[in-house]
Amino acid sequence: MINRAIGLVFGLLLLVPGAASAAALQEALAAQLRAGVGTAATDDEIETLTVLERFYQERALEPLWVQESGAGPRARELSELLAAADLDALDPRDYGAEPIAALLGAAKPAQLAELEVRLTLGLIRFVADLGQGRTTPHVADPELFVFREEVRKETVLAQVALAQDLTLFVDSYRPQTSRYDRQKVALAEYRALATQGGWQPLPEGPTLKPSMTDPRIGLLRERLRLWGDLKAADDAAEAGGDPDFYDDALVDAVKWMQYRHGLTQDGAVGKKTLAALNVSIETRLEQMVLNLERRRWMPDDLGRRHIFVNLADQLLKLVDGEKTLLDMPVVVGKPYHSTPVFSHEMTYLVMNPYWNVPPSIARKELLPKIKDDVSYLASNNFTLFSDWSSGASVVDPHTVDWAGVNRNNFPYKLRQGSGDGNALGRVKFMFPNRFNIYLHDTPAKTLFGKDQRTFSHGCIRVSDPPGLAEAVLTSTGGWSLDRINATIDSGERRIVTLKQPLPVHIGYLTSWVNKDGSVHFRTDVYGRDAKLAEALLGARAGGWR
């Protein structure tokens, strides 16, 4: 009798509408997953849907986001997060934000199953893009040797199933640095400027200088007010002054604007400053989008103590924690000898180095000078070796029939001795790498005074080698600036090994925001913005920022 009653109750439960729709939802979810795998267009889509199918099978097709009665609160929260992806300079369309929002009111099992799968796919793609970037750096640009830490789909699914706070979970995949956060804030501010109409180009004309009066100065004043370079409290025009007069406060504002754009801070508006003022807001927005992507490639932890060289800015910084210990202008590769982007560790430095001339430079640049005058070698402190082997012998250049030597027939090795005329200067900072790129001194000091410093064959010339050496060797101990200079003055070749390797990051940023809130832009000297824009935005490059 009891067994019969239990059976009757069980049978009645099967007729309950909620129980029946739950089973229907599971069946619809299984069908949706199978159909998705069958229609996937790329290998990545097939892999992703296969991972999803395995995940849901292991949890007996229990949904994460929907219930038999409709979309749950987490579904709506995730939908809002995906729709707000543009705050991170990502495109909500990549995560199906609109179709998801349209399905939030669904009630039928098939629609709810579609919503469930779309939400999970959107989440996986969104956090992967936040955590590793949308693009593969070396594919976007062969000169980028940046290797992202992969976001694993299985890990995302396992973690989100247990996550108590969905917003915090998604946020954990963003770069956990204030540098990224500051750029996001600036992007939002510039987008707000764009919605208000942005700005119009300033007219061409003679250089605007302090104490001049010119109608264009009034337009300059408005622009600097708009950008925040000129504060209302400092604007004489606010107190009834002549807006077209180039006063001292405007000079300071122009200098600050020039600082933010990597220009000579002379307080005058010449061709370069006018060109920077006339870059459109659309271009500035695109720069911010591209550089947020570059930030996503970078590790959060660059090393407590590290060197960062921004090739677009041609500036080196030595950083310890949140403090910049020193910075200095550098010379980097010419556009056709562009310095690659990569990271490595500095392990030693050489004082009074000699220079083994790379074969390409010897053949293309030095050989014509040698053929023109063989004494060029002696007068520039070069030694000629028979070849590049360890047992190579020294060759008297006067015994060589240089008329029969050409670029394709140059077996010799050239080494320049240490001294003031050495191409590497007096100090070389070594972080051995496959690109044969390093930091070094240079006898060509005048180049550091230029706004754009792209003059080398790829290596990075530093403006204050003794100062950098002192800072680098602080943790090694025993190397004061006086001792460094004395060693340099002695002419003795000296190798100093660092007590602890020092991370060196060679990067490329054309936009960033400093801790003081100042928004910086630099010229795309290597054309890498254009390559990244094509890879990141593609056909949307002109229409979505």
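Helix 10 (residues 178-195) and helix 14 (residues 281-297) pack with their axes 10 Å apart and at an angle of about 160 degrees, where axes are lines fitted to C-alpha atoms, for helices over the stretch in contact, and angles run from 0 to 180 degrees between N-to-C directions. The model is a predicted one, in which local features need pLDDT of at least 70 and side-chain atom pairs count only at pLDDT 80 or more, while totals for chains, interfaces and linings use all residues. Residues are numbered from 1 along each chain as its sequence is written, and side-chain values use heavy atoms, with hydrogens and water left out. Helices (H or I, at least four residues) and strands (E, at least two) are DSSP runs, numbered from the N terminus.

- The crossing of helix 10 and helix 14 is left-handed, a term used if the near helix is turned anticlockwise from the far one by less than a right angle, with right-handed used if clockwise.
- Among the residues that make this contact (heavy atoms within 4.5 Å) are Tyr180, Leu187 and Tyr190 of helix 10, together with Leu285, Met288 and Leu292 of helix 14.
- By class, the contact of helix 10 with helix 14 has 11 nonpolar, 2 polar and 6 charged residues, where Ala, Val, Leu, Ile, Met, Phe, Trp, Tyr, Cys and Pro count as nonpolar, Asp, Glu, Lys and Arg as charged, and the others, Gly among them, as polar.
- In a second pair, helix 17 (residues 465-472) and helix 18 (residues 481-490) cross at roughly 130 degrees, and their axes come within 9 Å, which makes helix 17 oblique to helix 18.
- The crossing of helix 17 and helix 18 is right-handed, and the contact is made by Pro466, Gly467, Ala469 and Glu470 of helix 17 with Leu481, Ile484, Asn485 and Ile488 of helix 18.
- Sorted by class, the contact of helix 17 with helix 18 has 5 nonpolar, 2 polar and 1 charged residues.

- Three strands in the order 7-9-8 form an open sheet with antiparallel pairing, and two strands pair if DSSP finds at least two bridges between them.
- Strand 7 (355-356) and strand 8 (382-385) are the edge strands, each pairing on one side only.
- Strand 8 is joined to strand 9 (residues 413-416) by 4 bridges, and the two run antiparallel; Phe382 stands opposite Gln416 in strand 9, and Phe385 stands opposite Lys413 in strand 9.
- Strand 7 and strand 9 also pair in the antiparallel sense, over 2 bridges, and Asn356 has Arg415 of strand 9 as its bridge partner.

**Two buried residues**

- Asp141, which lies in the loop between helix 7 (137-140) and helix 8 (153-160), counts as buried because its relative accessibility is 2%, given that buried means under 20% relative accessible area, exposed over 50%, and partly exposed in between (1.4 Å probe, protein chains only).
- Not counting residues up to four places away in sequence, Asp141 touches Arg528 and Lys531.
- Leu498, found in strand 14 (residues 494-507), counts as buried at 7% relative accessibility.
- Although Leu498 and Tyr348 are 150 residues apart along the chain, their C-alpha atoms are separated by 5.3 Å.
- Leu498 touches residues including Met346, Tyr348, Val472 and Thr476, not counting residues up to four places away in sequence.

Notes. Angles under 35 degrees count as roughly parallel, over 145 as roughly antiparallel, 65 to 115 as roughly perpendicular and the rest as oblique.
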